[in-house]
Amino acid sequence: SFREHGVAATPRHWPPPRPRPSSAAMAADAPKWLLAAFPGYQWQKVRRCELKVRPQGGAGLQFEATEFGYLIEGVENDAGQDACLQTGSSVISINDVPLMGLDEDALNETFGKNFRDGAKVVVLSSGELQKASEQANGQGHIAHVPLGCQCTAELRSGLSRDLDEFSRRSGVLAELCGAESSESATIVLAGTRDKVCAARSELGALLSYHKRTFGAAETGSAEDESATVEVAGTIMRSLPARNRRKRAAPEVDPDEEENGANDSSAKGDDDGSGPAEKVAKVGSGLEPKMPEQHQYEYMDHTADVILHSWGSTLNEAIGQVCVAFFSYMTELEKIELETSFEVEAKGHDMLDMIYHLLDEFLFHFGTEFIMCRRVDILEFDPDNFSIRARGFGEKFDLAKHPQGTEIKAITMHQMKILTPETLTTEEGVIPRTSDLMEGGSVREGFPYECYVLVDI
């Protein structure tokens, strides 16, 4: 026997089984942005591996785009992928770039830019992701902010250093992702939804500072330069309209247009059929009551844009967010005050009312093609959440009016209203404080603000 020759017997199970990683070890292996987006959750199955991409046949994986990244729906038998890349798992990052929080187009673009043999991916089970999301009650949030310029080594070093301080102050993780000198470098914000949204507003000032300091070349043209402005304690970048998804004005035969105008005049009397019928030429006491103002800015958002307006009264701030809506689609200086129309809206709360008001203006533009240079709030009942407004402008004409970017839809996402005392969001109404996460300090003269995210 082995013992007779002085050799220890080999245990039945040799080598001994490797101990399973502890929850702490798994959490340590999780990306920082994942821990920040789902604070307190103990991740159990975080896996890292490299993609194998064959010259012929690709990776042999079938994917489906989800809110968490790419769900693996199938793996070819000869793909030769790591065991963690199995059906039911989700790829949540590639080459240290998170895939969470991206819409399908952005997800395809980000994954495609990093897809290659040896690309490093982080994988989680879809079941665990769903469980973490439910535990966070939908508050876990990740936002991607494109850097918008060449990410040089000097810029990366300075920006990364300041992002650490930005993270500490804002209460969210701010991390620069993307290879050096990459035009697709992105800053990822991760944390609870309200803090991420608040931090997103302030990040523009930091980016503008570093681009100016390090002379980073913008990826767009010189005409795309952005200005930075501070409004009510919030730093924002004034962004140009992105010329895509343009709406062409319909070609109308002059005789048909005249007949249509006559038909409209015949129906001009208010018969109770709705606000869309209340159309009239400017004049005879129908001039705008409010002076022309430009109290609004545009805040960049992944694939969308946020309209931000402010005013001395809530009526003024609401009217200005409506003007901002039209200003994003054309140059309002070219719009004459030739016609006007009324819209009415109601909602179950203040946010819902503003959503329906802007949606009425969007519907009217989509059917009548009237661009409004001025908007008056005629009636506003904050207790019953009803409002009536009149827009003043003229019909869009390609020969006269420059094309901006079409707004396709109004959304409720990230909408908020600030008064001197309160902050209203989708989560409810809370007292406004000097804390940026709770509305921030009130700017003298402009205590009311509206933020509306629109789909472009």
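Predicted model: local features only at pLDDT ≥ 70, side-chain atom pairs only at ≥ 80, totals over all residues.
The sulfur of Cys322 lies 8.5 Å from the closest cysteine sulfur, that of Cys450, too far for a bond. For Cys450, the closest cysteine sulfur is in turn that of Cys322, at 8.5 Å. A disulfide is a covalent bond between the sulfur atoms of two cysteines; here the criterion was a pair of cysteine sulfur atoms within 2.5 Å, and the structure holds zero disulfides. Cys322 is buried, with a relative accessible area of 0%, and Cys450 is likewise buried, at 1%. (Buried stands for under 20% relative accessible area, exposed for over 50%, and partly exposed for values in between, with a 1.4 Å probe and protein chains only.)

Residues are numbered from 1 along each chain as its sequence is written, and side-chain values use heavy atoms, leaving out hydrogens and water.

Turning to charged pairs, side chains of opposite charge can pair when their charged atoms come close. With a salt bridge taken as a side-chain nitrogen of Lys or Arg within 4 Å of a carboxyl oxygen of Asp or Glu, the count comes to 14 salt bridges. In one of them, Asp29 meets Arg48 at 3.2 Å, N to O. Asp29 belongs to helix α1 (residues 23–29) and Arg48 to strand β1 (residues 47–50), so this pair ties together parts that are 19 residues apart in sequence. Helices (H or I, at least four residues) and strands (E, at least two) are DSSP runs, numbered from the N terminus. Both partners are partly exposed, Asp29 at 28% relative accessibility and Arg48 at 42%.

Another salt bridge joins Arg432 and Glu449, whose closest N and O atoms are 3.1 Å apart. Arg432 sits in the loop between β21 (428–431) and β22 (448–455), while Glu449 is in strand β22, so the pair links parts 17 residues apart in sequence. Arg432 is buried, at 10% relative accessible area, as is Glu449, at 0%.

Salt bridges also link Glu342, Glu379, Arg388 and Arg390 in a network. Within this group, the side chains of Arg388 and Glu379 meet at 2.9 Å, N to O. Arg388 counts as buried, at 18% relative accessibility, whereas Glu379 is partly exposed, at 47%.
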